[in-house]
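Visitor: Hi, I'm new to this one. Could you walk me through it?
Guide: Happy to, let's bring it up.

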Amino acid sequence: MFDKMAVYSRLPVWGQNLACCLEGERIIRTRYGKLFWNLLEGYEKHGTWSYEHLCEYRDKKLRRMIRHCYDTVPYYRGLFHEGGINPESIRRLDDLKVLPLLTKEIVNRNPEQFISSAVPRRKMLTAHTSGTTGAGFIFKTTQRAQCEQWAVWWRYRRRLGIPFGTWCALFGGRSVVPAVQKKQPFYRINKPGRQIYFSSYHMNEKYMDSYVNALEQYRLSWIHGYPSSIALLARYMTDRNRKLPYQIKWVTTGAENLLEQHKEAVYDAFGVIPYQHYGMSEGVANLSEDKEHVYRIDEDFACTEFLTDRTHASCRIAGTSLTNFAMPLVRYDTGDFAVVENGKRSAVLSVDGRREDYLVLSNGVKLGRLDHIFKDMKNVKEAQIRQNQAGKIRFLVVKGIHYMKADEGRLRQEIESRLGREPYQIHYVQKIEKNKSGKLRFVVSEMQEQTND
């Protein structure tokens with residue numbers, strides 16, 4: 001199997017920048033074409049609609065999707081028949097309660113049962129997500145569904161005042177800088193996508209100054225990415241009284257919880273309060289903060305449910321895709337939780353999932369989210385990373401029924417591409433304990449210094 005990342009890691013810095021630009025050009029061509037702009041125009045017009053109109057539009061799309069599932073998707077046709085459920089009886093969001101929740105594990109057991117016969121295979125794209133349990137999930141989608149998702153995400157950004165094409169300092173989970181690299185720059189440039197992609201895997205005291213210098217050099221007014229990484233940079237700047245010679249206008253975050261300490265660190269360093277977005281590749285739920293930092297549910301994009309549970313203080317988030325007709329997910333359990341005031345959809349206070357600790361490497365580097373390690377590991381049922389002292393990292397892995405030695409080889413390759421020569425151990429377990437809220441935390445630090453972070 002051709003390993004593109006292995007080839008990429010051996011390239012000189014200029015070659016890696018060229019590779020990033022080529023990938024950026026591909027994304028611009030496939031994601032942001034005419035279809036994207038037509039969809040974005042339509043979604044932005046929805047901003048003038050009343051809440052009732054938005055819900056009517058959502059329910060109309062839901063009825064179409066349910067009919068499509070019944071007519072063309074084997075799993076749902078069997079589900080309706082076995083349950084004696086008439087698909088015509090599901091006419092609005094609340095009617096979905098007659099259906100059971102769908103989990104990632106159910107889909108992974110027999111993914112072919114979830115693929116629609118109405119969408120030609122040649123028009124299907126393969127997408128993947130790591131999820132917050134560390135278990136890989138691979139699914140089919142379409143170019144239109146992906147464009148529609150990015151249209152909704154860019155509607156959110158433009159509502160905040162971010163023009164399309166604004167240069168961005170991006171702090172994500174991709175290994176754009178090889179883990180073994182010891183010399184700056186610790187970023188790569190995607191000119192077509194107007195991104196400076198900073199490595200989240202080299203953020204220690206020794207290298208952090210170069211990150212600040214790069215922000216100063218490129219005068220990037222927008223920072224986006226994992227809040228854990230952005231907060232690390234912000235705390236470094238505040239502790240050393242480093243100030244940028246220009247004003248950061250926007251800080252937007254996703255993929256992790258935006259904690260209060262993250263907000264404080266960002267505000268102290270950059271003078272702005274960061275915005276949080278909640279979404280996922282599966283496209284079953286989408287929430288984002290408006291300019292007043294109030295959560296909005298994108299009712300016109302997906303059917304998002306907040307399910308109360310007497311054993312949890314928070315509501316479980318489930319969702320139904322209204323855009324992916326290739327492999328529809330109906331009442332999909334995201335595994336995440338939200339705090340909803342008095343059960344009102346209009347009063348989502350916070351997303352209470354995806355809370356993770358940092359790992360501390362032996363050289364002092366602090367790493368936040370590491371779920372990309374398991375991104376394509378569909379034969380891993382669950383995983384967790386634990387640490388009780390710097391430089392000692394344990395990966396707890398629950399094997400799926402098809403897990404093989406080759407999976408372990410790929411897992412070690414992914415770990416080492418991010419941790420370099422850092423020592424680690426893999427422990428295979430039958431079960432991973434969840435926290436009090438029923439959530440499986442992906443990274444658990446048992447180090448004393450983590451108690452205040």
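This is a predicted model: local features need pLDDT of at least 70, side-chain atom pairs count only at pLDDT 80 or more; totals for chains, interfaces and linings use all residues.

Visitor: How are two packed helices described?
Guide: Two packed helices are described by the angle between their axes and the distance between the axes. Axes are lines fitted to C-alpha atoms, for helices over the stretch in contact, and angles run from 0 to 180 degrees between N-to-C directions. Helices (H or I, at least four residues) and strands (E, at least two) are DSSP runs, numbered from the N terminus.

Visitor: OK, at what angle do α3 and α7 pack?
Guide: Helix α3 (residues 34-45) and helix α7 (residues 143-159) pack at about 50 degrees, and their axes are 8 Å apart. α3 and α7 are therefore oblique to each other. For the terms, under 35 degrees is roughly parallel, over 145 roughly antiparallel, 65 to 115 roughly perpendicular, and the rest oblique.

Visitor: Is that crossing left-handed or right-handed?
Guide: The crossing of α3 and α7 is right-handed. In a right-handed crossing the near helix is turned clockwise from the far one by less than a right angle, and in a left-handed one anticlockwise.

Visitor: Which residues meet there?
Guide: From α3 they include L35, F36 and W37, and from α7 they include R144, C147 and W150. Contact here means heavy atoms within 4.5 Å.

Visitor: And what classes do those residues fall into?
Guide: The contact of α3 with α7 has eleven nonpolar, no polar and five charged residues. Ala, Val, Leu, Ile, Met, Phe, Trp, Tyr, Cys and Pro count as nonpolar, Asp, Glu, Lys and Arg as charged, and the others, Gly among them, as polar.

Visitor: What about α9 and α10?
Guide: The axes of helix α9 (residues 227-239) and helix α10 (residues 260-270) come within 8 Å and cross at roughly 45 degrees. α9 and α10 are therefore oblique to each other, and α9 passes α10 in a left-handed crossing. Among the contact residues are P227 and I230 of α9, and H262 and F270 of α10. By class, this contact of α9 with α10 holds ten nonpolar, four polar and two charged residues.

Visitor: How does α8 pack with α9?
Guide: Helix α8 (residues 208-218) and α9 pack at about 95 degrees, with axes 10 Å apart. That makes α8 roughly perpendicular to α9. M208, D209, Y211, V212 and L215 of α8 touch L232, L233, Y236 and M237 of α9.

Visitor: Changing topic: what volume does the second largest pocket have?
Guide: About 600 Å³. On a 1 Å grid over the protein atoms alone, a pocket is an open set of points with protein on both sides within 12 Å along at least five of seven lines, a cavity is a set where a 1.4 Å probe fits but cannot get out, and lining residues have an atom within 4 Å of a point. Grid points are joined across faces, edges and corners, and a volume is the space filled by probe spheres set on the points.

Visitor: Which residues lie nearest its centre?
Guide: E105, N108, R109, K378 and N379, out of 24 lining the second largest pocket. α6 gives the most to that lining, with four residues.

Visitor: And how many cavities are there?
Guide: Two of 30 Å³ or more. The largest cavity has a volume of about 40 Å³, and its lining has eight nonpolar, no polar and no charged residues.

Visitor: Where is the cis peptide bond?
Guide: The bond from Q184 to P185 is cis, with omega near 10 degrees. P185 lies in the loop between β3 (168-171) and β4 (187-190).

Visitor: And what is phi of N241?
Guide: Phi of N241 is near 55 degrees, a positive value in a residue other than glycine.

Notes
Residues are numbered from 1 along each chain as its sequence is written. Side-chain values use heavy atoms; hydrogens and water are left out.
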